[in-house]
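These are my notes from going through the structure below. I took one place at a time and wrote down what I looked up.

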Amino acid sequence: MKHTTRLLDIVERSLRGPLMDEEDFNDQHVTQGLARVVKEFDIKVSQDQIVNQDDALADRVWEAAVDFLSECGVYCQTTNRVIEFSKKEIIDILRYAPDTVIVGQGTDAVQEYARKIDDPRRPLLMGSSIGTPIEDEYFIPSMISYIQEPEVDVTMAPTLTNIYGYDIRTRSPLEILSSWREVELTLEAMRRAGRPGMAFTGIGSSISDVGQLSADGPGGLRQTDLHTFGIVSELKTSYEILNKLTHILQRDGVVDPYANPIYGGLGGGMDGQAVLITAAMIALNVVFMATCVGTSPTHPFNFNDTGKELLIPSGLSFQAIARNSKLMSNLTNTPVGGPGTKTLLYECIALTVMMTVSGGSRILGPRSATGSITGHFSGLEARFTGELLTAAAKLDRAKAEEIVQKAYAKYEADLTTQPYGKHFKDVYDLKTVQPTKEWQTMYDEVKNEAAGWGLSFD
Amino acid sequence: MPSQYDTLEKAILSGDQESGIAEAVKLIEGGQDPVLLFTDCIEPLLDDIGEKFSRLEIFLPEMVNASKVVKGIHGAVKPYLKNEEDAASKGKIIIATVSGDLHDIGKNIVKAMLEVNGYDVQDLGVDVPTQAIVKQAKEFDADIIALSALMLPSLPFVKDVVEYMEGNQKVKVIVGGGPVSPEWAEEAGTDGYGNNAIDAVALVKDILSS
């Protein structure tokens, strides 16, 4: 077992940190704290340029995030106390953060590594709908549509809409059954696709500690898989979350948590958001001992992260991390477009290119159609994302900005109309698990267009 | 907006509760009709704040702070209102994230939007057991129970609340959150579905006006 001393230290801080009302934490620590550092560190984010070109700004975002986190802390909802770390402690802990990890088994194992800005090495792709609901009958074919793609390195299951005909109810036997069912079906899909050792992220179907941990062990989620959990926005935890962490550490598993700040929420606009995303990912390592740190910042009304208001601060945050730490960072692509729309593919271009040149280690998704429309996802958009990762790794930030702007202009108007597209069964042949001609043609057309913009798919 | 409200407007927009209350009381003691203070200044201003947030020209903290100032003003000017005039609330709403779900920002955004639109909102927090929601709705004499559910395994608890409230003609149950669709909300027997905070306000207006 690793990190026992640190885990006990976190628990100790959660029991001894200052008592505080949660609303006061939101207002005084998060909102006011961010406003302070945005001013002190002169964080002024461009309103138009999507791929940041200013290294000094990225460095100031990093400094602001460390300063902010050291004053803000992480709120424990169970004990109503603030888990605090000083600036020195944060920096010391980050010094020991892992910068590489191998996930998966046998010939399906892949290595993730910390990347730098304009790094020529391709980031990893977790090709998946990331927990989007799916009917039982389409679970395996939809997963095969991702796993069979050579561009996909690791994967994650969609979420079952029910378990043996019953609604899945958290903290109940039904949730435990659904956790096990998710693992069983995922392993079966990987076996059928011929990649049984591929790492997968779990457990997506369950939200409680008991639901998640029941299937994280022998016969379930493997040590070599990615063990995930989300912290509560903004910068909050609970013993339910720390229970998950404890179990993962006991299993010596890869800790792969995420934090999803809400745009326009406690962090306000883009300036605060850039600092908040960075601070949240730092906290994932400092407080939650993450091997890899992830985020999927979210628009409050459209539920995506492909609008400028989130592409800009996300990219800046990834650059801040890449320039100032060795953290392995990952970003979830949550577009509004769904399968069978060009919107989805243009969104993939913008976010994937932006993240690749900004130093991210892994991209997740795409979580098509915001991940909330049952069955609206397919493996083809993951294939495209993988190809984009390879092509974008050949670019520098200046060229990336040019391409991202072209892609963005193609879908900006669709962000509010949200073309959710079609169900998996309507864009794939279920027998061959291949895209329909219509969907394939759309992909070919957009790929050709992107090649014309300067993305080399050779 | 008439210029005599400039200072009050500034205080509300900047979230300065002390100045807001002081200015409101000063205006009333100077002869301003307290009801007109709300109808001519505060209500249009709050509408404008809600609109600006829906376009993300301002953000949650500004909206929450403005709402807090108005709450403070309402409390401070009560002694100046006749009983029949003390009816600033357009309706009473219980809001909660259902059992098993710890997400609170989506709920908080809906709460703030409802408050700036003049509704009296009681927030029960996150991971709230069904019985606590039902009990509190009765004690608060709520018109609407607004439920947030971001995770699929939390949705059955929405159905539980609906079942508990069956037969209660007064209280309407509405729902929103990532995995919820209009079809699911209808099948679950709720009285309405809001895709986001803007939808939620429109839905509440619709329900309470009918």
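I began with B:Ala22, which sits in helix H2 of chain B, residues 17-29. The model is a predicted one, so I keep that in mind throughout. Is B:Ala22 buried, exposed or partly exposed? I found 16 C-beta neighbours inside 10 Å, so B:Ala22 counts as partly exposed. Being buried would take 20 or more. I also checked B:Ala22 against B:Leu8. The two are 14 residues apart along the chain. Their C-alpha atoms are separated by 8.8 Å.

**Domains of chain B**

Next I looked up how chain B is divided. Domain 1 covers 3-85, and domain 2 covers 92-209. I took the centres over C-alpha atoms and got a separation of 27 Å. For the contact, I noted 11 residues from domain 1 of chain B and 10 residues from domain 2 of chain B. Which elements give two or more residues to the domain 1 side? They are helix H3 (34-54) and helix H4 (60-77) of chain B. H3(B) supplies the largest share of that side, with six residues.

**Chain A against chain B**

I then turned to the contact between the chains. Chain A puts in 27 residues, and chain B puts in 21 residues. On the side of chain A, the classes are nine nonpolar, 13 polar and five charged residues.

**A helix pair in chain A**

I picked helix H4 (residues 87-95) and helix H9 (residues 270-286), both of chain A. Their axes are 10 Å apart, and the packing angle is about 70°. That angle makes H4(A) roughly perpendicular to H9(A), because 65 to 115 degrees counts as such. I logged the crossing of H4(A) past H9(A) as left-handed. Which residues meet there? From H4(A) I listed A:Ile90, A:Ile93 and A:Leu94. From H9(A) I listed A:Ile282, A:Asn285 and A:Val286. By class, this contact has five nonpolar residues, one polar and no charged.

**Cis peptide bonds in chain A**

I went on to omega. A:Gly202 and A:Ile203 are joined by a cis peptide bond, with omega about 0°. I placed A:Ile203 in the loop between strand S9 (200-202) and helix H7 (209-214) of chain A. The bond from A:Ser233 to A:Glu234 is also cis, and its omega is near -10°. A:Glu234 is in the loop between strand S10 (226-227) and strand S11 (236-237) of chain A.

**Positive phi in chain A**

Last, I checked phi in residues other than glycine. A:Asp118 has a positive value, near 55°. I found A:Asp118 in the loop between strand S4 (110-113) and strand S5 (124-127) of chain A. With 19 C-beta neighbours inside 10 Å, A:Asp118 counts as partly exposed. The cut-off for buried is 20 or more.

A:Ile130 likewise has a positive phi, near 55°. I placed A:Ile130 in the loop between S5 and strand S6 (133-134) of chain A. Why does A:Ile130 count as buried? I counted 26 C-beta neighbours inside 10 Å for A:Ile130, and 20 or more is enough.

Terms used. Residues are numbered from 1 along each chain as its sequence is written. Chains are lettered from A and ligands numbered from 1 in the order in which they are written. This is a predicted model: local features need pLDDT of at least 70, side-chain atom pairs count only at pLDDT 80 or more; totals for chains, interfaces and linings use all residues. Axes are lines fitted to C-alpha atoms, for helices over the stretch in contact, and angles run from 0 to 180 degrees between N-to-C directions. Helices (H or I, at least four residues) and strands (E, at least two) are DSSP runs, numbered from the N terminus. Angles under 35 degrees count as roughly parallel, over 145 as roughly antiparallel, 65 to 115 as roughly perpendicular and the rest as oblique. A crossing is left-handed if the near helix is turned anticlockwise from the far one by less than a right angle, and right-handed if clockwise. Two residues are in contact if their C-beta atoms, placed from the backbone, lie within 7 Å. Ala, Val, Leu, Ile, Met, Phe, Trp, Tyr, Cys and Pro count as nonpolar, Asp, Glu, Lys and Arg as charged, and the others, Gly among them, as polar. Domain bounds come from an automatic or database domain assignment. A residue is buried if 20 or more other C-beta atoms lie within 10 Å of its own, exposed if 12 or fewer, and partly exposed in between; C-beta atoms are placed from the backbone.
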